[in-house]
Each structure stands twice: as structure tokens, then as C-alpha cells.
Amino acid sequence: MNPFKLQIVTPSGVFFDDMSVGVVLRTTTGDKGILARHELYAAALVIGKIKINFPDKTSRVAAISGGVVNVEKDKTVILTQSCEWSDEIDLERAELAKTQTEEKLKSFTENSSSDQRELCIAEFKLKRALNRIDVAGG
């Protein structure tokens with residue numbers, strides 16, 4: 001397999017900037033695999049995981065919280081709100097976030113006059129926590 005440049009950028013800075021021979025990620029229309037010389041492509045990403053395959057035949061998995069992917073002739077760029085390697089996820093913190101968010105969502109169902117924006121934020125936080133737990137193997 002031929003290597004290509006892969007960059008993952010978050011608001012905190014460049015998370016990853018190196019060579020890859022493949023990346024698998026989840027778009028709004030399903031999973032997509034990207035290899036060297038992939039056609040020009042852009043897509044929205046959902047909360048999920050990405051798998052990066054390296055030239056030395058190793059791979060790593062990371063949790064991302066949505067974003068966009070842009071495949072160009074010579075590189076692929078992923079812009080995402082957050083990205084964490086699976087082996088660096090604090091599983092205890094992710095479980096706590098899940099529990100707290102579930103409690104918050106429970107209060108929304110009990111109080112129908114709750115703010116819709118707050119409900120959407122809580123649902124996003126729950127999806128993110130569940131994804132982090134899944135990616136970390138919890």
C-alpha cells in the first residue's frame with residue numbers, strides 16, 4: 001500500500017500529522033475507507049471512531065466527535081471538535097460523563113418545558129461519552 005499524508009486537526013491544535021496507508025471513518029452516510037490516490041472527496045463526520053493504518057503495518061484507533069474530512073490529491077485532512085487515542089481515554093471519566101448526562105436527560109423527560117437547545121447538547125454529550133467508552137473498550 002502506498003502512504004499518504006494524514007492530518008487530524010482539533011480546536012486545540014494538530015492532533016496527528018504523519019503518513020498513513022489507510023484510514024476508516026464514519027460519515028453521515030456510512031463508513032468510508034480512504035487510501036492513497038483516493039478520489040477528491042469531502043464529507044461530514046459523525047461521532048464515532050477512526051482507524052488509522054500505518055506504513056509499518058500497525059494501526060491505531062481514536063474517538064472523534066464529528067467534523068469533516070477533506071481528501072485532496074496529496075493529503076487527507078480531518079477537522080474535528082475532539083480526538084483521543086483509544087489507549088489514552090480515561091474510561092472512569094467517560095463513565096462519569098455518561099452517568100451525569102443520563103441523569104440530566106432524565107430530568108428533561110420529567111420537565112417538558114425544558115430548553116430544546118440544552119436537550120440537544122445533553123444528547124450530544126451522551127453520544128460522545130458512549131463513543132469514548134466503546135472506543136476505549138469499556
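**Close-up views of the predicted model**

**View 1. Lining of the second largest pocket.** Val24, Leu25, Arg26, Asp31, Ile47, Gly48, Lys49, Ile50, Lys51, Val61, Asn131 and Asp134 line the second largest pocket of this predicted model. Two or more of these lining residues come from each of S3, S5 and H2. S5 is the main contributor, giving five residues to the lining. Sorted by class, the lining of this second pocket holds five nonpolar, two polar and five charged residues. The space in the second largest pocket is about 180 Å³.

**View 2. Surroundings of Leu25.** Leu25, one of the residues lining the second largest pocket, touches Gly30, Asp31, Lys32, Ile34, Leu45, Lys49, Ile50, Val69 and Ile78, leaving aside residues up to four places away in sequence.

**View 3. The largest nonpolar core.** This core has 20 residues, and Leu25, Ile50, Ile52, Val69 and Ile78 have the most contacts inside it. Strands S1 (4-10), S3 (22-27), S5 (41-53), S6 (59-71) and S8 (83-85) each give two or more residues to the core. The most come from S5, with five residues. In soluble globular proteins, nonpolar side chains tend to be buried together.

**View 4. The largest pocket.** The volume of the largest pocket is about 240 Å³. It is lined by 13 residues, of which Ala97, Thr101, Lys125, Arg128 and Ala129 are the closest to the pocket centre. Helix H1 (91-110) and helix H2 (116-136) each supply at least two lining residues. H2 gives the most, with seven residues. The lining comprises five nonpolar, two polar and six charged residues.

Definitions and conventions: Residues are numbered from 1 along each chain as its sequence is written. This is a predicted model: local features need pLDDT of at least 70, side-chain atom pairs count only at pLDDT 80 or more; totals for chains, interfaces and linings use all residues. Side-chain values use heavy atoms; hydrogens and water are left out. A nonpolar core is a set of buried Ala, Val, Leu, Ile, Met, Phe, Trp, Tyr and Cys residues joined through side-chain atoms within 4.5 Å. Buried means under 20% relative accessible area, exposed over 50%, partly exposed in between (1.4 Å probe, protein chains only). Helices (H or I, at least four residues) and strands (E, at least two) are DSSP runs, numbered from the N terminus. Contact means heavy atoms within 4.5 Å. On a 1 Å grid over the protein atoms alone, a cavity is a set of points where a 1.4 Å probe fits but cannot get out, and a pocket is an open set with protein on both sides within 12 Å along at least five of seven lines; lining residues have an atom within 4 Å of a point. Grid points are joined across faces, edges and corners, and a volume is the space filled by probe spheres set on the points. Ala, Val, Leu, Ile, Met, Phe, Trp, Tyr, Cys and Pro count as nonpolar, Asp, Glu, Lys and Arg as charged, and the others, Gly among them, as polar.
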